Structures are given as C-alpha cells and as structure tokens.
Protein chains: 2
Amino acid sequence: MKTISLSILIFLTVFRAYSQQAAPAPTPELYSAQTLTDLKSIQQAALQSDYAYKQVAYLANNIGPRLSGSPQAARAVEYVAAEMRKLGLEVRLEKIMVPHWVRGEERGELTQFEGMAPGTVQKIVLAALGGSVATPKEGITAEIVVVGSFAELAQLGKEKLNGRIVLFNNRFNREMAVSGQWGAAYGQAVAYRFAGAGAAAPFGALAALVRSAGSSENRLAHTGAMGYPDGVTKIPTAAVSNEDADLIEYLAKQGPVKIHLTLTPQTLPDTESYNVIGDLKGSEKPDEVVIVSGHLDSWDLGRGAIDDGSGVAAAMQTANILKQLNLRPKRTVRVIAWMNEENGGRGNTAYAADEAANMAKHFAAIEMDLGAGHPLGLVFAGKDEALPFFNPITNALLSQGAFQVLTQASVGSDTAPLTAKGVPSFAPLSDARFYFDYHHTAADTIDKVDPKALAENASVLAVLSYALANLQQPLPR
Amino acid sequence: MKTISLSILIFLTVFRAYSQQAAPAPTPELYSAQTLTDLKSIQQAALQSDYAYKQVAYLANNIGPRLSGSPQAARAVEYVAAEMRKLGLEVRLEKIMVPHWVRGEERGELTQFEGMAPGTVQKIVLAALGGSVATPKEGITAEIVVVGSFAELAQLGKEKLNGRIVLFNNRFNREMAVSGQWGAAYGQAVAYRFAGAGAAAPFGALAALVRSAGSSENRLAHTGAMGYPDGVTKIPTAAVSNEDADLIEYLAKQGPVKIHLTLTPQTLPDTESYNVIGDLKGSEKPDEVVIVSGHLDSWDLGRGAIDDGSGVAAAMQTANILKQLNLRPKRTVRVIAWMNEENGGRGNTAYAADEAANMAKHFAAIEMDLGAGHPLGLVFAGKDEALPFFNPITNALLSQGAFQVLTQASVGSDTAPLTAKGVPSFAPLSDARFYFDYHHTAADTIDKVDPKALAENASVLAVLSYALANLQQPLPR
C-alpha cells in the first residue's frame, strides 16, 4: 500500500496562497547582490533556451515509454547519464532493483446486455493496471456488478459478488482538480485503482475494473499502479475509459451486463536499474546539497512526455544554464533523474536510505512532476518560517508570472521521504488544469508539452536551485 | 472514387450568410396562419422532449457500432423500423446489398529509428481504413517514406518508394474546419485517406499510411472509407493518429524509420441490408414528399453517436412530435434512416434509382449528418430564389438562435443524389467546431451528444419538415 499512501501524502493540500504583493521587500542579507543579478540572468537564459524541450522530445520520441525494467528505461539511464556528463556533472548511478511488469494483450467485450443482437461487438476500452495478474489466456466471462464505494461493495457482500466482476465506478472529480486540489481529486480516484482488486477479491470477485482515475473524454484508459494486500487472492484488474464506464453503468440499470475480459500481463523478476545522479559541486559548501529532479520512468501507454520527461528535462536544464552562464553555486546542485516513481518508488526509497545519515546536509529538494503547464510560482513543503526567504526568488520570477507560493504537506513522490525527514521541499506550481486529461494515458506524448511553458518551468527550477544553493543563511527546518 | 467525390461535392461551400435581420417580413400566403402557429408548438415540444436523446442513446449503447453488414446494423434496421411503426408511420424497408468489411487486428510498432535501444517497444496507434486489404498475418516490415502530397509522391518515384511504406502526412486543417469550411478542410484530408493506397501502389509501395483526417489530439486514429482504382495492386492502408504521424515525421528527419505493420481486415461477401423508410402520409398532397433523414450505419471504432445516431434520432423526433401534437402535414413527411452512408453510399444510390421517376414529387430533402452541436440555422442547397420562403421558418426558430441560412452546393451525402436532380435540400447548420475531434474515432460515444443541443437540432428538423410539407406554393427549383 506504499504507493497509494505516498500519493495521498504528496498531495495532501494545505493551501495557503502567499502572494508576492503582501511580502516584505527582499532582504539583502539572504542573497548577495551578485546572486540576485545572476538569478535574472539565469531566468532569461532559461526562458530563451530550447534545451529542455529537445531533451524531453528525445526521451519521449527517440527512447519512448520507459516503464521500470524495460529496455527503454535502461536506455534512458544511459542517455541521461551521458548528457549529464556532457554538462560537466559528476555522475553516479545509484543501483536499485525495480519491478518488471509487462503489459500483454488487453481486451474487453460485452457479451450480454439489454437489446444486444447475437454477434454484436461492443468493445470496452481498458488498460491493465500496473502489477495486475493475468486472466487465463482465453479470458474470463462474468457479470459486472457496478459499485460506487468500498462501503457499497461490503454491503453487497459475497452473495452478490461471488463469481462476478466488480466495476468501481467513482468518477474523477475534474472540477476539484481544476480548482487546484489535484491531489485530493487524484487521491479519491486512485484509492479504487490501487486497492480495488484487493477489496473485491475476498468477496469472491473474479476481477476488478475501475473507472479511469482521470478526466479524459477521449475514450482513453488511465493505467497506474495497483497493489495486492498480503493473504488475499490476486485477481486481475484494469481501468476502463470514462465512456466505457458510462456505458456499463447505463446498461447495468437495464439488466444483466456480462463482459469477456482478457488480460495477459506478466510480472518478470526484478531488474537492476538506477537513479541517475549528477552533481555540480558547490564552491563553498560542496557537502550541502540542493536536489533538482524529475522521474525518468514512465507508464507504457504513452511516451512519458508530461509524466515525467518534462521534469527530468527541466532539471537537466538547471545544470545546462549554470554551465552556459559559467556560474558555480556555493552549495552543490544535484540533478536527479529518479527511477521507478510510477510503480514502487524504489528509487526514492533507496536514495533516502543511502543518504539517511546525510539528511541534515540536504539543504533542499526540488521535484517537478505535475506536467509542464505554465508555472504560477512555487509549491513549498516545510516550515512557514522559511516563507520570507523565497521573496527574492519569486521577485526574480515575477516577470514570467511565477510569483505565488503555495504550501503543501508534500510536493512530489520522490522527494516525499526527504520531506518527511525535514528537508525543505519544492515544486513548480504548474497549471495542471489539463494534466489529468492525458496523465497515464496513451495521449501523454510530446505535443502535450508546450515549449514555452516548459521553458518557464525550467526557469523556475534553475532560479530556485541556484538561489537555494547560494542562500547566505540556513533555511528554517 | 464515388465516396470522395460526393464528400467533396457535399461540402463545396458557397457561403452566403442570409440573416433573419435583413429579411422581409413573413409573407402570409406562404404558410397559413394555423401552420405558423403550429410551427411554434412544434418547436416548443421538440425543445422539451428527450425522445431524440433516448433514441440515440439506444442506438449507441444498446445496439452499438453499426457498420454496414454487421449484426448491429441489422439490429438497428429492425429497431428503427419498429420504433417508426410505434409512431404510426407506414414503414417499408428498401433492400440494398452493402459491403461487409470487418476490422481485424491492427498493430504498428517501430523497429528502427535514431537512438532506438534493442527491445524497444514504440507503438504506433493506427486504424485500418474501411475497405483495406490485409497484410500477411505475420505483418510486414519496411521503411517509412513521409510525403506531403501526391506530387511529392510522384517526384520520389519508384526508386525511392519501391518496397517501402508511404506515410501521407497531410494535417487536417482545424482552423479551416472551425471557421465553417469544414467540408473543404475534410475534403483536403480525405483525398489522401481515400486514394493514398491507390496512388502509392504503382510505385511499388507495400502499404500506405495516412495521417488521420481529423483534429483529435488524443492519440485516436480516424478510420473511414478508402477505395482502390481498377487495375492497381491493392496494398493495405491505415490511418495513424496525429501524435504518431508527428513521431514518424520527427524521427524520419533524423534517419531511417522502419515499422512492423499488421492489419488483418477481411472483406466478406456483400450483405443484404435496408434503408428504413417511414411515411407520415400527407392530408392534401400525399404523393409529394418531404424527406427528413440521418444515416443508420456508423464506423466501428466508436458507437456512432454523433455520426450519425443523432441524425437518425432527430429525424425520428419529427414524426414523434407531429404524432404527439396530433398534427398531420399536407404533404407526406418521409423519415429515412439511410444505410451505408459511410462506405459505399449504396442506400442513397438505390433510393435515387428507385425513385428516379418521382423526383418532381420530392418536394424537399433534409439530412442531418454533421454532429449534434448547437444549430445556428439551416444549410440550403437549391435556387437562391427560394430563400425568402424560409423566413417564416427561421422566424419560428429565432428564439433558439437558429436563424441563419447558409447556402451550399450540397448538404449531405445521402441527399446529394436528390440535390443533383434538383430537389431542394436542407441540413441543420450545427456548430461543428468539435465534430472533427471525435468523428470516425473510438471517441464517438453518447457523452459527445449534448441533450440540449440535440433537442435544438431536432426542433430545427421538425419545424423545417412541417413547414415545407405545408408550404402553400411550390419551391423554386
């Protein structure tokens, strides 16, 4: 259940807009005059550069989807390590063992419903959830029972569920997500995606379907991680598109609905993989570290452009801009391309364990993992006392409209273990209004990345990283 | 080449907005005072009724996709005939033989491109075009040559194309479509979809891919009819999603791109099917006919909700409203659910042939086949001298915002043969800004139909049908 608890934790939203207008004037002693000048140069250089866009295009197109354990994930590790070396970073690969789940065939067809003519083909668009076991090769056929909640599932009980397939029909709350509470909206939906199969199996259900945990209105199924609780029969599980969940809901009100469901994924042995870590050593406090990061693995249906090639590319851009401007930070800026954010979190778990003794030296951690929409400012997880330290940073970003600071309990999956240990943590506050239309679907492709908005996000990361690396005081923590 | 020439003909746009404001006052002698009163009753009843929505929901959900020759198409014929009988119409089935093409497996995967790691899976989302022959079961693997036009194809010639797979990379012009010139925009794209394979085969190409003839940005392939010219080798052909065409274009600029392409469609023997024709006999001139229609067949990827379950449902609503209000038209109102609009036009061809001697008795023909967006008025194909006859009609529709009259050379595929014989022809002027985002894709599902906008379209059809049936003069033709 780790992934889901992290996901919920990440997004537990304590919203408090902290606008630049209300803030005191920049405090000279926080950042040197030279640093403040450099921040403007960094911003301008990042806004004008297409480096990040070219990197995410390469990741999405020349490498492709990068699910943990896949050949593409391995190629991405090699590629990013080589690119970081080109930037003059000290690169190391942090070894981890990752799950290696492979999607197979996936098919759903209704075989009984009100009005159905013999020979009818009424397909259900669906995608196996990451970690799901397979059906028998020939598939299974059973009646679908539509439920709205875990409570309703329990109410129906074994009598109504035994030998049937459950559809968890909870609709992603797009309005909530668009309003800024994306974490709460996603968390509500992911609860069923992650734990639906485990909840249905004890009642004798043969499989669990879930309405896609996203807002696509384009017949796209949303994949994502699921997990089986210990001791429960593992039943196959898949997400159906919103349109197909609508159809099943409509038909089930009229009479019995049966589906023939075929899923043939495999879980292969764990595979060796790596976090890619590149250090630009600090000139004054090289042992103090500011992490700037995204995750390198991606789901297999799309090409991992918005989730999260963009984050990796924008993080690499920080090092690229500092090299281009010949700026050396006082603290070490550490670019990390995390592995296995999507289905296990093995990368961030390993890093937090390996660095457990060094937490105090982790000055700050930044992760970008909510797409590459126009950034409105920063998300911060840490002590409120630190907020005034960010005014010069948001001042430097004011001209691009990125001046807000939103506080949350956590800002990203991979930084969450660090946040939990007290490391001040940050993300760009990217406009996520359309993120969940594409996220974890086949439509996560490079055209969803707006080059200008990506450059704006990269600018936020670069300015924030350099400012934190050169901050002349410790951050309250 | 019939389908494409019709498609272009249909939409050849001679735009002339003819707004209500500039029109003379209604001419009393055109319509009786009672008819004018009745038009308002019809409008209000249609706007308040959910009959059309329930019908399209049944067609899309309880029947499903209805490609000619399929069990669902046969079921739809039975269903609509029965529903028309419930409305008290004199129903007959006009027999036709239709193509019976069946989609099989369809898979595309790149096997070579710049930067590709061994074992990479980089899928190409594609859909076989209707009428395409199959590849061998094991698929074919060849390099892709990207071309922008038929002229470029010819320039490359056999030397560059022999043994290769052509990608016709012409992008659907969304701006043109949104501006109202949907027909021209669609025609440009369909030219390659319909004729690409036939054009590429003589140069030794093994298959033809085409960029989807639509504006989807959600990794959806657009299917549709294609045809082989006589005497040319039949090569398999499929549409790729816009995102995948983008990918191939991007990669082909960097080096050779190879694809493994598997398509297993079959063309089965022609199948007996029917136009469903239901007459509400006129009280004064029963031999004069006003057709109100949509087409019953649909592509197989989606569920035929916007294309064109909506048109059939709205046409049926005309009869339903007249029955509900106990109104009998002076001329016969003929509801037609056409068969085989999508891949052959056999239904409209047969009707025009069967009724060849009765063209003069066809007072008018209406078809709705451009989705069910909010209608702004009428599309008219006929003599400009007829335009003043429509003022009382658009007056009756003014309160719902449907007061414009746009003249075009043709208004719909199935009415085109009638239009060509001089039958004044009409369509609702539906807002088609989003139509080509879903049209012919898997996302043509019931949620794309807005119940209110569908009722507005049904109101346009019902008011227009009754007005024409009761017009106290002949229409100029």
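Predicted model: local features only at pLDDT ≥ 70, side-chain atom pairs only at ≥ 80, totals over all residues.
Trainee: What makes you say that the copies meet through the same surface?
Mentor: Of the interface residues of chain A, 100% are also interface residues in chain B, so the same surface is used by both copies.

Trainee: How do you know that the span of helix H14 of chain A agrees with its 20 residues?
Mentor: H14 covers residues 451-470 of chain A. At 1.5 Å a residue it should span 28 Å, and its end C-alpha atoms are 28 Å apart, which agrees.

Trainee: Why is H14(A) called largely enclosed?
Mentor: Buried means under 20% relative accessible area. In H14(A), 18 of the 20 residues are buried, so the rest of the structure largely encloses this helix.

Trainee: Why are H3(B) and H9(B) called oblique?
Mentor: H3 is residues 51-63 of chain B, and H9 is residues 305-324 of chain B. Their axes cross at roughly 140 degrees and come within 8 Å. Angles over 145 count as roughly antiparallel, and 65 to 115 as roughly perpendicular. H3(B) and H9(B) are therefore oblique to each other.

Trainee: What is the hand of the crossing, and which residues meet?
Mentor: H3(B) passes H9(B) in a right-handed crossing. Residues of H3(B), including Tyr51(B) and Leu59(B), meet residues of H9(B), among them Gly309(B) and Met316(B).

Terms used
Residues numbered from 1 in each chain as written. Chains lettered and ligands numbered in written order. Heavy atoms only, no water. Contact = heavy atoms within 4.5 Å. Helix = DSSP H or I, 4+ residues; strand = E, 2+ residues; numbered from the N terminus. Expected span 1.5 Å × (residues − 1). Buried < 20%, exposed > 50% of the residue type's maximum accessible area, 1.4 Å probe, protein only. Axes fitted to C-alpha atoms, helices over the stretch in contact; angles between N-to-C directions. Parallel < 35°, antiparallel > 145°, perpendicular 65-115°, else oblique. Left-handed = near helix turned anticlockwise from the far one by under 90°.
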